[in-house]
Amino acid sequence: MLKEKLEEMREKYGRPPLVCLGNSPEAKAEWLAAGGVAGHMLCDSQVNAILMTGAALPEDLAFEGTLAEFIRLFPLHNAEESKKQVNRFLEGGVAQWTAETTGGWEFFTCRVAVLGCCVGEYLSVLNKKDA
């Protein structure tokens with residue numbers, strides 16, 4: 001089922017979905033069985049290191065954590081640029097493992113926006129819709 005849904009999202013949105021594995025060994029196994037590339041499965045420290053060097057993240061990225069954790073890795077000293085980078089990944093939709101709430105995978109589209117408060121700017125998910 002996962003493989004078919006990822007292919008459907010890729011065709012519908014014209015780019016691969018961002019896969020968030022929710023730190024679950026079960027999700028990792030399912031993603032790899034669905035054709036995921038082990039070298040494109042990145043943890044927070046790997047994503048952070050790539051962002052710090054300015055190199056490009058793989059387009060068909062599987063992040064070991066959640067979408068919220070992925071978004072928090074992007075630097076806020078230039079929040080507008082970070083928003084653009086995150087939204088580029090979100091253009092293909094999101095496949096996120098949420099076994100504790102949905103019993104498995106959740107598929108959706110969303111965007112992030114820069115919001116501000118008394119302590120500064122932050123990125124927030126908006127317009128979340130089922131894919």
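Predicted model: local features only at pLDDT ≥ 70, side-chain atom pairs only at ≥ 80, totals over all residues.
Figure 1. When residues up to four places away in sequence are left aside, Thr 109 touches Tyr 13, Gly 93, Asn 127, Lys 128, Lys 129 and Ala 131.

**Figure 2. Lys 5 in helix H1.** Lys 5 lies in helix H1, and this residue is buried, its relative accessible area being 14%. Not counting residues up to four places away in sequence, the contacts of Lys 5 are with Phe 107 and Ala 131; Ala 131 is also among the residues that Thr 109 touches. A further distance can be read in this view between Lys 5 and Gln 96, which are 91 residues apart along the chain and whose C-alpha atoms are separated by 12 Å.

**Figure 3. The largest pocket and its lining.** The space in the largest pocket comes to about 230 Å³, and 14 residues line this pocket, with Leu 6, Arg 10, Trp 31, Gly 35 and Gly 36 lying nearest its centre. Sorted by class, the lining of the largest pocket consists of eight nonpolar, two polar and four charged residues.

**Figure 4. The second largest pocket, with helices H3 and H5.** About 170 Å³ of space lies in the second largest pocket, whose lining is formed by 15 residues, of which Leu 51, Phe 74, Pro 75, Glu 81 and Gln 85 are nearest the centre. The elements that contribute two or more residues to this lining are helix H3 (44-53) and helix H5 (79-90), and the largest share, five residues, comes from H5. In terms of residue class, the lining of the second largest pocket is divided into eight nonpolar, five polar and two charged residues.

**Figure 5. Asn 78 in the loop between helices H4 and H5.** Asn 78 belongs to the loop that lies between helix H4 (67-72) and H5, the helix that gives the largest share of the lining of the second largest pocket. The relative accessible area of Asn 78 is 40%, so that this residue is classed as partly exposed. Between the C-alpha atoms of Asn 78 and Leu 32 there is a separation of 34 Å, the two residues being 46 residues apart along the chain.

**Figure 6. The whole chain as context for the close-up views.** The secondary structure of the chain comprises six helices and six strands, which follow one another along the sequence in the pattern α-β-α-β-α-β-α-α-β-α-β-β. The chain is as compact as a globular protein of its length, because its radius of gyration, 14 Å, is close to the 14 Å that the globule rule gives for 131 residues. Taken along the principal axes, the box filled by the C-alpha atoms is roughly 45 × 30 × 30 Å. Of the 131 residues in the chain, 43% are buried, and among contacts with a separation of 6 or more, 52% are between residues 24 or more positions apart. The accessible surface of the chain amounts to about 7,000 Å², and carbon and sulfur atoms account for 50% of that area.

Terms used
Residues numbered from 1 in each chain as written. Heavy atoms only, no water. 1 Å grid on protein atoms, 1.4 Å probe; cavity = no way out; pocket = protein on both sides within 12 Å on 5 of 7 lines; lining within 4 Å. Points joined across faces, edges and corners; volume = space filled by probe spheres on them. Nonpolar A, V, L, I, M, F, W, Y, C, P; charged D, E, K, R; others polar. Helix = DSSP H or I, 4+ residues; strand = E, 2+ residues; numbered from the N terminus. Rg over C-alpha atoms; globule rule 2.2 N^0.38 Å. Buried < 20%, exposed > 50% of the residue type's maximum accessible area, 1.4 Å probe, protein only. Contact = heavy atoms within 4.5 Å. Areas by Shrake-Rupley, 256 points an atom, 1.4 Å probe, with all protein chains shown as cover.
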